[in-house]
Amino acid sequence: MNISPEEAAQALREIEASRSAMRRAIQTHRGHLYLWLWGCIWVVVSIINWMYEQRALPAMLWIMGFGCLATVVIGMVQGGQIRARIDPRFMKVCATLLIFGYCVWPFLLGDLRSYDFRSYKGAYGYFTVIWMQLYMVAGIWFDSFWFWVGLAVTVIIVTTLMFAPALFWGATLLLGLVLFGSGFLVRNTWH
Amino acid sequence: MNELDSIIHQPARLQIMSAICQLGDGVRVDFTFLKDSLGLTDGNLGAHLATLEAKGYIAIDKEFVARRPKTFVAATPAGRAAFAAHVAALHSILPK
């Protein structure tokens, strides 16, 4: 088939218009909703832990439960619109990390009831850092952005816990804000 | 030199291929979501998807999500290659 240069230019403009329409349509699928959600949760949890320390635990578990539920709901709604094939190896690595971090180590290797985490802050830091390892694995697998977020949070949590415990809750609050802010970065700059 | 693909060049199909090739490898898009994004009607989109599927440019999967039937569409490797060749052919027509 033969077309004129004007028709070719028009077709290329239509291609770009369709690509832009799709880019706008998938703007809500870039992962920023999770960053906003968990950023807010982290801020709230940091504040109540800062104020009430160990007494904040029941409220924190409820908030985390709400966060997990909201994550599943967002995933189901967005998965009904655009669905990426998730690498099963990635899921298995995540499951292994979570099972080890949340079950094997605290319950089997170190009995959670008697295991001394050194402090409540230590326990909080431990369970937080487990999740950050998932960010790092996701970064290695998909996009280095997640790796650097996970690494930065891990370093700040561990550093403040070990060398500046007085700054620990402030650091976790700041990290919540960083997660929330990076949601805007992901939403506005990823294509 | 790449040749223009008459199947892809039809305006609505060009729109569809541009949109779904924009998504990453292995990413599938819901029929309704695609229809709304491109501003096409059910019948129009369905007919053009059938043409593209018959040519092997897209894959269509039907499955149930929350007990409701859903149709997902994805570009095949052959479809991506054909679309890239078509775009290259369009560029080659433009005056240098």
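Which residues in helix 1 of chain A meet helix 2 of chain B, and which residues there do they meet? In this predicted model, Ala11(A), Glu14(A), Ile15(A), Ser18(A), Arg19(A), Ala21(A), Met22(A) and Arg23(A) on the chain A side meet Pro11(B), Leu14(B), Gln15(B), Ser18(B), Ala19(B) and Gln22(B) on the chain B side. By class, this contact has seven nonpolar, four polar and three charged residues.

**How the two helices cross**

- The crossing in which helix 1 of chain A passes helix 2 of chain B is right-handed.

**Overall form of chain A**

- Chain A has seven helices and one strand, and from the N terminus on its elements follow the order α-α-α-β-α-α-α-α.
- The radius of gyration of chain A is 21 Å, well over the 16 Å that the globule rule gives for 191 residues, so chain A is more spread out than a compact globule.
- Taken along the principal axes, the C-alpha atoms of chain A fill a box of roughly 80 × 30 × 30 Å.

**Burial and contacts within chain A**

- Of the 191 residues of chain A, 20% count as buried.
- Among the contacts in chain A that link residues at least 6 apart in sequence, 66% join residues at least 24 apart.

Technical notes:
Residues numbered from 1 in each chain as written. Chains lettered and ligands numbered in written order. Predicted model: local features only at pLDDT ≥ 70, side-chain atom pairs only at ≥ 80, totals over all residues. Helix = DSSP H or I, 4+ residues; strand = E, 2+ residues; numbered from the N terminus. Rg over C-alpha atoms; globule rule 2.2 N^0.38 Å. Buried ≥ 20, exposed ≤ 12 C-beta atoms within 10 Å, placed from the backbone. Contact = placed C-beta atoms within 7 Å. Left-handed = near helix turned anticlockwise from the far one by under 90°. Nonpolar A, V, L, I, M, F, W, Y, C, P; charged D, E, K, R; others polar.
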